[in-house]
Amino acid sequence: MELEELRATWSEMSQELEKQKKLTNEIILKMTQDRYRKKFSKLRNLETVGAMICYLWVVFFLFNFGKLDTWYLQICGVLTIGFLIILPTLVLKSLKKIQNLDILNGSYKKNLVIYIKEKNRLLKLQQMGIYLSYLLLFILVPVSTKIISNKNIFLTSFKPLQVIALVVALIFMFFFTRWGYKSYKKITNSAEDILRDLDS
Amino acid sequence: MGNAKDFADVIRKHQGLIYKVTSIYTNNEQDREDLFQEIVYQLWKYFDTFRNEAKISTWMYRVAMNTAITHLKKSKRSPSSVPLPEYLLSASDTKDEVFEERLKSLYLHIKQLNTLEKGLMLLLLEGKSYKEIASITGLNPSNVGTRISRIKQKLKQNMTNS
């Protein structure tokens, strides 16, 4: 096959493609919107699983709340339940708002500004979640210990193994939360580059 | 420019261009569909940045090829086999078997080229001038000329061997 033959075949194929244009405006716009949503579906699925785990813990704590027999354990219990309900719900709401943004309605630039605002809100929530999760660790341990083992750790001294477990949990949390936050930023950062392009 | 209807009209009018880019950079229908959707999405993202200084098709080639190359890097799949794209098979239904064979042979030759060469070959087959190819790829026209000569040599060699 000579180059000229390749050209002729290519040209013939192009003509065939021209004849059978299958896409309609409706399909094109739906495809674009779906693609945008797909970019967040993995993140949303992960967050949904995370939220479900948190809600299951809430159910567990509510069923066993009676076992918390001192005022400070009860405060820890209320804080734990509040934390496990509020933060995942806010994150899911924020993600839903970003994902359901009608990117085809209005100019892309206008939508991008809304997106950036929402993204920053989400990142702030995540940042807040990181700091609060350290606090949660310290209130979750006494609550869980009381409910599961019926021991008030405020009145018992720590065994070396328990201290090691707490330190390991803290180190794990430090790296896990950093990784989680970085992943969020990576997914959402590309939009800021586009905004810069639009402004230039 | 900037509204959804304008965008959809442009994509509808130039969908063949996107099909052709996806067909040289992918090896199966699923990848092709995925790349097609990604190209359309990227075109939408940058639609507001398109200024009428360039031809819309030049701008579309640029975005489509950049997206395809990024997609290729991400998927890290090296071309292994050269099946004929399904929509091209249906396009060739109305033609004879000779055309189908020629089409297969054409893709076989293109798939033997590297990533940049594939893009240059596509633009060459589309009948673009060196200046237009340079504007799409970001290379300078003399560099385009040199690279295309090499591609022609490579093709000649492949054709002699096959």
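**View 1. Helices H8 and H9 of chain B cross each other.** In this predicted model, the axes of helix H8 (residues 130-137) of chain B and H9(B) come within 9 Å and cross at roughly 105 degrees. Axes here are lines fitted to C-alpha atoms, for helices over the stretch in contact, and angles run from 0 to 180 degrees between N-to-C directions. H8(B) and H9(B) are therefore roughly perpendicular to each other (angles of 65 to 115 degrees; under 35 is roughly parallel, over 145 roughly antiparallel and the rest oblique). From H8(B), B:Tyr130, B:Ile133, B:Ala134 and B:Thr137 meet B:Pro141, B:Val144, B:Gly145, B:Ile148 and B:Lys152 of H9(B), where contact means heavy atoms within 4.5 Å. By class, six of these contact residues are nonpolar, two polar and one charged (Ala, Val, Leu, Ile, Met, Phe, Trp, Tyr, Cys and Pro are nonpolar; Asp, Glu, Lys and Arg charged; the others, Gly among them, polar). Helices (H or I, at least four residues) are DSSP runs, numbered from the N terminus.

**View 2. Helix H1 of chain A packs on H7(B).** Helix H1 (residues 3-19) of chain A and H7(B) have axes 9 Å apart, at an angle of about 75 degrees. That makes H1(A) roughly perpendicular to H7(B). Look for A:Leu3, A:Leu6, A:Arg7 and A:Trp10 on H1(A), and for B:Met121, B:Leu122, B:Leu124 and B:Leu125 on H7(B). Seven of the residues in this contact are nonpolar, none is polar and one is charged.

**View 3. Chain B meets chain A.** Here 48 residues from chain B and 37 residues from chain A take part. Together the chains bury about 4,100 Å², 64% of it on carbon and sulfur atoms (buried area is the accessible area, with a 1.4 Å probe, that two parts lose on being put together, summed over both). In chain B, B:Tyr41, B:Trp44 and B:Arg102 lose the most area to chain A, together 16% of what that side buries.

**View 4. A salt bridge links B:Asp34 and A:Lys38.** The structure holds 14 salt bridges over all chains (a side-chain nitrogen of Lys or Arg within 4 Å of a carboxyl oxygen of Asp or Glu). B:Asp34 lies in helix H3 of chain B and A:Lys38 in helix H2 (residues 25-63) of chain A, so this pair joins two chains. Their N to O distance is 3.7 Å. Between chain B and chain A the count is four salt bridges.

**Notes for all views.** Residues are numbered from 1 along each chain as its sequence is written, and chains are lettered from A in the order in which they are written. Local features need pLDDT of at least 70, side-chain atom pairs count only at pLDDT 80 or more, totals for chains, interfaces and linings use all residues, and side-chain values use heavy atoms, with hydrogens and water left out.
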